[in-house]
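Work through the exercises below with the sequence and the structure open.

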Amino acid sequence: MDLTSKYFNGVDWRYVDHSSGLEPMQSFAFDDTFSESVGKELSSNVVRTWIHQHTVILGMHDARLPFLSDGIRYLTDEQGYNAIVRNSGGLGVVLDQGVLNISLIFKGMNEITIDEAFTVMYLLVAKMFEDEDVDIDTHEVEHSYCPGKFDLSINGRKFAGISQRRVRGGIAVQVYLCVEGSGETRAEMMKNFYDRALQGVETKFQYPSIVPEDMASLETLLGHQITVQDVMFRLLYAIKNMGGRLNMEPLTDVELKNYERYYDKMVERNTKINAQMNEDK
């Protein structure tokens, strides 16, 4: 069975629109909540859209930067961005009103490989833009921020990155799509962040050497205006065209309780980072 048939044809997908009104820590708590629900078969698969204003989401590796406090102060004081540490690995990414995040959440344990889970998201994004005269490549764009094996690029310039997290039998595959604005400007900010947070110190972990020109938005790469709202419509049409069945079931009482638990964990993690920053002042 091909992956399109396995994950979409005749499969129920619960659509959750969180494109406004949430703080970033809430988003990651919701993905963990839905992962548990799907893993325990208390929910159908979930597709969730989320957008956040002027926030840099740091990974666990970023939390170990030698001058993290200086890097975060650059983001907050000079660039007007908030910064939080997410509950998964990887490195920092930029979120703003021109960046659409999509989470696909489905049941899976050891029988679903990391690459298979990533490929499901790639197939969906490719379907979303199949009417455009472009080839979407999937390979690491080395000099981007948060580089990874499943970076998505057009003509060598990255516009999206994919990550995944596994919680209690559920898999959350998350993609950020730089839709509007300048991907190059976002990359320049992250380059400066790492410069401030590393200050030339050699570390065991290899942080990215960012070349801003290696990143771009879809608006730039497609050569015409496209909005986050346009891409959200493309997402829903793509799922339907691949045979998926969409529903909009509300949160259950159990999910609300689980959400509070996962949100508290996110707050606790970031409180520790903030305490460390205050010590470094």
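A residue counts as buried when its relative accessible area is under 20%, as exposed when it is over 50%, and as partly exposed in between. The model used here is predicted.

**Exercise 1. Decide whether Asp32 is buried or exposed, and list its contacts.**

Step 1. Find the residue: Asp32 is part of helix H2, which covers residues 24-39.

Step 2. Apply the cut-off. Asp32 has a relative accessibility of 4%, so Asp32 is buried.

Step 3. List the contacts, leaving aside neighbours within four places in sequence. Asp32 is in contact with Asn87, Arg165, Val167 and Tyr262.

**Exercise 2. Give the strand order of the eight-stranded sheet and name its edge strands.**

Step 1. The sheet is open, its pairing is mixed, and the order is S7-S8-S9-S10-S6-S2-S1-S11.

Step 2. Strand S7 (137-138) and strand S11 (245-247) are the edges, since each pairs on one side only.

Step 3. Take the pair S6 and S10. Strand S6 (residues 99-107) and strand S10 (residues 170-178) run antiparallel and are joined by nine bridges. Within this pair, Ser103 has Gln174 of S10 as its bridge partner.

Step 4. Turn to S1. This strand runs parallel to S11, with three bridges between them, and Asp12 stands opposite Arg245 in S11. S1 also pairs with S2 in the parallel sense, over six bridges; here Asp17 stands opposite Thr49 in S2.

Step 5. Check how far S1 is covered: five of its seven residues are buried.

Step 6. Helix H7 (residues 228-241) lies across strand S1 (12-18), strand S2 (45-50), S6, S10 and S11, and runs at about 25° to S6.

**Exercise 3. Describe the three-stranded sheet and the helix that packs on it.**

Step 1. This open sheet has the order S4-S3-S5, again with mixed pairing.

Step 2. Its edge strands are strand S4 (82-85) and S5, each pairing on one side only. From one strand to the next, the twist averages 25°.

Step 3. Strand S3 (residues 55-58) pairs with S5 in the antiparallel sense over three bridges. One of the residues to look at is Ile57, whose bridge partner in S5 is Val93.

Step 4. Helix H5 (residues 183-198) packs on the sheet and touches S3 and S5; its direction makes about 130° with that of S5.

**Exercise 4. Which residues lie nearest the centre of the largest pocket, and which strand gives the most to its lining?**

Step 1. The volume of the largest pocket is about 430 Å³.

Step 2. Its lining has 29 residues, and those nearest the centre are Arg86, Gly90, Cys146, Ile162 and Ser163.

Step 3. Sort the lining by class: 15 residues are nonpolar, ten are polar and four are charged.

Step 4. Assign the lining to elements. Strand S5 (93-95), helix H4 (114-128), strand S9 (157-167) and S10 each supply at least two residues. S9 gives the most, with four residues.

**Exercise 5. Compare the phi angles, positions and accessibility of Glu41 and Cys146.**

Step 1. Recall the general rule: most residues other than glycine have a negative phi.

Step 2. Read the angles. Phi of Glu41 is near 60°, a positive value, and phi of Cys146 is near 50°, also positive.

Step 3. Glu41 is in the loop between H2 and S2, while Cys146 is in the loop between S7 and strand S8 (152-154).

Step 4. Apply the cut-offs. Glu41 has a relative accessible area of 61% and is therefore exposed. Cys146 has a relative accessibility of 16%, so Cys146 is buried.

Notes:
Residues are numbered from 1 along each chain as its sequence is written. This is a predicted model: local features need pLDDT of at least 70, side-chain atom pairs count only at pLDDT 80 or more; totals for chains, interfaces and linings use all residues. Side-chain values use heavy atoms; hydrogens and water are left out. Two strands pair if DSSP finds at least two bridges between them. Contact means heavy atoms within 4.5 Å. Axes are lines fitted to C-alpha atoms, for helices over the stretch in contact, and angles run from 0 to 180 degrees between N-to-C directions. On a 1 Å grid over the protein atoms alone, a cavity is a set of points where a 1.4 Å probe fits but cannot get out, and a pocket is an open set with protein on both sides within 12 Å along at least five of seven lines; lining residues have an atom within 4 Å of a point. Grid points are joined across faces, edges and corners, and a volume is the space filled by probe spheres set on the points. Ala, Val, Leu, Ile, Met, Phe, Trp, Tyr, Cys and Pro count as nonpolar, Asp, Glu, Lys and Arg as charged, and the others, Gly among them, as polar. Buried means under 20% relative accessible area, exposed over 50%, partly exposed in between (1.4 Å probe, protein chains only).
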